[in-house]
Amino acid sequence: MRTHYCTDLNENNIGEEVRLVGWVNSYRDHGGVIFIDLRDKTGIIQLVADPADSKEAWEQADKVRDEYVISIKGVVRDRGEGLHNPKLKTGKIEVVVKQMEIQNECKVLPFAIGDKNVNEELRLKYRYLDLRDPKMFEIFSLRSKVSIAMRNYLNNHGFLDVETPVLTKSTPEGARDYLVPSRIHAGEFYALPQSPQLFKQLLMVAGFDRYFQIAKCFRDEDLRADRQPEFTQVDLEMSFCNQDDVIAQVEGMVKAGFEAANQTLVTPIRRMTYHDAMEKYGSDKPDLRFGLEMVDVIDLFEDSNNEIFANIAKDQKRNRFKALKVSGADNHYSRKQLKELESFVRKFGAAGLAYIQVKEDGLKGPLVKFMSEASLQQLLDRLKPEVGDIIFFGAGEKKVVLDYMGRLRIKIANDMNLIKDGYEFVWIVDFPMFEADDNGNPTPLHHPFTMPNMDTWDEENFEDIKSIAYDLVLNGYEIGGGSIRIHKEDIQEKVFNMLGITQEQAKEKFGFLLDALSYGAPAHGGFALGLDRFIMLLSNTTNIRDVIAFPKTQKASCLLTEAPSPVEKEQLRELHIRVKLPQNEAN
RNA sequence: GGAGCCGUAGUUUAGCUGGUUAGAAUGCCGGCCUGUCACGCCGGAGGUCGCGGGUUCGAGUCCCGUCGGCUCCGCCA
């Protein structure tokens, strides 16, 4: 049908007869001569229809409108002196049309192809038109290259691509499951996998040694700009490994993907403990494209004449007093804007936002009078502020302070444009094994099959127990995570005990896994990379929908297919399902 | 579950303290035009102001509800 793609042609083809097919990107009718920009996935080339060359072709060209599909036969020629268009890759040449066939017409478009000012709602309804934009093709071309490169890396390193079930068993832990009713088993349900976690561990027990899969995962939780209900993980698992072995393979894989995107990644990627990330950046996924590290100043308020501050400083295990020095902030933030920063942190539980402005004539701010001379001097020594800086303070319960100060740090970096271009990877390691739930009971931070660091095992202080888990963070996004798994029954029992899970409960919930571990399970561990987020960052967008061909809206519907939708009564009957809507309307 | 922002020709939008026929740009249709590439010039058509109620002599505008989209909090082992 075609001899070339549009941008395959260049000056070397001058004089050649070619056949091209594609879409009419635009046309310019000059009464006599008609110009058509023909587009395919590679780009654009200009066609010229001149009645002097072919009356019939010109008559066809006269009928052409935007986004018509046409095929042409023509001859490549130089555009001539002064007529080159440097904006086009093919701007030096054009194709003189000898024959033209309109293969398909196009209705008036709901929006101009490539117009990103249009409502996303409309673009999603006509996603196939939105995807015609060459910029969109570029994203999916990148996604394809990156994922193939990572696949190849894993293949070359002994990882076997194995598919695991999509119809599987609901597990009570973790995110809400998407359920699929069983026709054959009345009243029973499959769950779509939140990840292939348990299956990949079983493959290790099976002795496959190294597994990977580019797997769709499903979580029925509320959406965000970087979260879709179905998403893709590059999932991997390996046997007879420790944390460094897994990290080395992941770094190799990510590097391969990165290089496929024409980026360079220097390995090894730096590592930071969970503790340091929380204390310095107030987040377990710190954005390291800018500084603004928090500094501990709780000791400087032990002698404060303010009762509240002095009290906070008394319990240095449970409380925090953090300082965030922002260079030049005094010139950037007005009084009113500083108030706005305060109401920003209040949303995250802050009682207020104290700050000290460093002026020509000294320190200004309510906190100054609550500090002793000696403490103030120590503060200056510790932070070394300069005139024009503002030091922000967060004080109170550890978890709350770290959270809102971490958010403040990011907000200020955005406000003051402190975020550098580029990619900053970091491994977060030494995660706590457990955290306290609302009632103060231990719950797993990762999942209950994560290997605890037994050197830190402490029945009395479960919050101090570390796990052998690691997250990969890029520019403030968690792009993946993994762990070494428990492969011994006695340790697994200890963990279940800690979680208050009885043997019967464990057997009922995860019996098949525990069984498997008792038949000669090798030490093993793995990792899963969030492919969508990774591609999102490589595509320089902050919206995961941009890198998913047919994404869902925030209410998890597909505007193109209108899924989800009601189904026929007969379908429900076969599935033994009766629908009961909240308003008491029966279906 | 909660908070905020948004919804007006095909599209992007203007529309003030409620007041004649809801205005513009672009797209679309028709005419003219042989070197444009955001082609140009002339003319024309095109609006349930998301939907439903209410207040009012009168609602795109005010109030209540509802639907949809986006961002965030909760949630996401």
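This is a predicted model: local features need pLDDT of at least 70, side-chain atom pairs count only at pLDDT 80 or more; totals for chains, interfaces and linings use all residues.
1. The barrel. Five strands close into a barrel, and their order is β1-β2-β3-β5-β4. The pairing in this barrel is mixed. Neighbouring strands are turned against each other by 55° on average, direction ignored.

2. The β4–β5 pair. Within the barrel order, β5 stands between β3 and β4. Strand β4 covers residues 69–78 and strand β5 residues 93–104; the two pair in the antiparallel sense over 10 bridges.

3. The open sheet. A further five strands form an open sheet in the order β12-β13-β16-β14-β15, with antiparallel pairing. The edges are β12 (294–296) and β15 (362–364); each has a single partner strand, so one side of each is left without a neighbour in the sheet. From one strand to the next the twist averages 25°.

4. The β14–β16 pair. Strand β14 (residues 354–359) and strand β16 (residues 390–397) run antiparallel and are joined by four bridges. In this pair, Tyr355 stands opposite Phe392 in β16.

5. Helix α7 (residues 274–281) lies across β12 and β13 (319–326), and its direction is at about 100° to β12. Helix α11 (residues 373–383) lies across β12, β13, β14, β15 and β16. The direction of α11 is at about 140° to β12.

6. The α5–α14 pair. The axes of helix α5 (residues 197–205) and helix α14 (residues 503–517) come within 10 Å and cross at roughly 20°. Because angles under 35 degrees count as roughly parallel, α5 is roughly parallel to α14. The crossing of these two helices is left-handed.

7. Side of contact between α5 and α14. From α5, Leu198, Gln201, Leu202 and Val205 take part. They meet Phe512, Leu513 and Ala516 in α14. By class, the residues of this contact divide into six nonpolar, one polar and no charged.

Conventions
Residues are numbered from 1 along each chain as its sequence is written. Chains are lettered from A and ligands numbered from 1 in the order in which they are written. Side-chain values use heavy atoms; hydrogens and water are left out. Axes are lines fitted to C-alpha atoms, for helices over the stretch in contact, and angles run from 0 to 180 degrees between N-to-C directions. Angles under 35 degrees count as roughly parallel, over 145 as roughly antiparallel, 65 to 115 as roughly perpendicular and the rest as oblique. A crossing is left-handed if the near helix is turned anticlockwise from the far one by less than a right angle, and right-handed if clockwise. Contact means heavy atoms within 4.5 Å. Ala, Val, Leu, Ile, Met, Phe, Trp, Tyr, Cys and Pro count as nonpolar, Asp, Glu, Lys and Arg as charged, and the others, Gly among them, as polar. Two strands pair if DSSP finds at least two bridges between them.
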